Amino acid sequence: MIKADKRIVFLGDSITEGYGVSASECWVAAMPGDTVNHGISGDTTAGMLRRFTAHVLREHPDYVVIMGGINDLSEGRSLQSVQQNLQAMYEKAEMRGITVIPAVCVMPDYAMVLENAWAQYYPGIRHLQENLEQLAAWIRSYARSNELLCLDFAQYFPNYTTDGYNRYFSDGVHPNERGHAIMAQIARKLLFGLT
């Protein structure tokens with residue numbers, strides 16, 4: 001567990017940034033202590049890797065939570081390239097004495113995703129579910145092998161959404177206010193032992 005007096009950087013894409021909700025409703029905003037949200041909507045793991053020095057190393061955090069890959073895979077980039085980018089970030093942090101917390105994103109509501117007009121412009125949408133599941137398995141395995149805490153939203157989020165998974169998303173990918181509230185509960189419990 002993380003002590004609340006530690007500095008934590010959250011690095012990711014729109015799900016970390018809080019796309020579609022106010023800054024105060026984003027799940028990261030509910031974390032205690034000294035936190036920095038470096039989520040950028042639309043970013044890929046390649047983009048996260050490029051800005052790693054500026055947005056992680058220069059912040060001098062004790063911990064970095066890294067969550068990404070859904071944009072890469074939606075755009076048709078290979079699962080292997082996502083894994084390589086994530087591992088490169090994990091290793092950069094570890095070399096600087098920053099504790100890595102790999103994160104598994106909330107799985108989309110795929111039926112809802114396909115209802116969006118923009119879905120047709122993303123070549124990886126057709127295989128997104130299987131690729132995200134494989135990525136989640138790889139992240140979990142990496143965390144286990146390296147004895148790291150894993151922030152696994154995909155595993156726990158469905159437990160809170162028994163009244164209808166799609167009720168917690170704005171477009172099938174981005175959690176709405178209710179979705180972010182659940183993510184906050186999960187993160188506070190897994191990272192800090194808080195209810």
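This tour moves through the structure one selection at a time, from a helix to a surface patch, a residue before the first strand and several salt bridges.

The model is a predicted one, in which local features need pLDDT of at least 70 and side-chain atom pairs count only at pLDDT 80 or more, while totals for chains, interfaces and linings use all residues. Residues are numbered from 1 along each chain as its sequence is written, and side-chain values use heavy atoms, with hydrogens and water left out.

Select α7 (128-145), bearing in mind that helices (H or I, at least four residues) and strands (E, at least two) are DSSP runs numbered from the N terminus. The end C-alpha atoms of α7 are 25 Å apart, which agrees with the 26 Å that its 18 residues should span at 1.5 Å a residue, the expected span being 1.5 Å times one less than the number of residues. Now colour its buried residues (under 20% relative accessible area, with exposed meaning over 50% and partly exposed in between, for a 1.4 Å probe and protein chains only), which are L128, N131, L132, L135, A136, W138, I139, Y142 and A143. Looking down the axis of α7, these buried residues fall within an arc of 165°, so they line one face of the helix; the arc is that of the directions from the helix axis to the C-beta atoms. Their cover includes α4 (70-74), α5 (79-95), β4 (99-104) and α6, whereas the face turned away carries the exposed residues R144 and S145.

Select A4, in the segment before β1 (7-12), which is partly exposed at a relative accessible area of 43%. Leaving aside residues up to four places away in sequence, A4 touches P32, G33, D34 and F192, contact meaning heavy atoms within 4.5 Å.

Finally, display the salt bridges (a side-chain nitrogen of Lys or Arg within 4 Å of a carboxyl oxygen of Asp or Glu), of which a search of the whole structure finds six. One of them pairs E59 with R7, with the closest N and O atoms 2.5 Å apart; E59 lies in the loop between α3 (52-55) and β3 (63-67) and R7 in strand β1, so the pair ties together parts that are 52 residues apart in sequence. Another joins D163 to R167, with the closest N and O atoms 3.2 Å apart. Salt bridges that share partners also join R7, D34 and E59 into one network.
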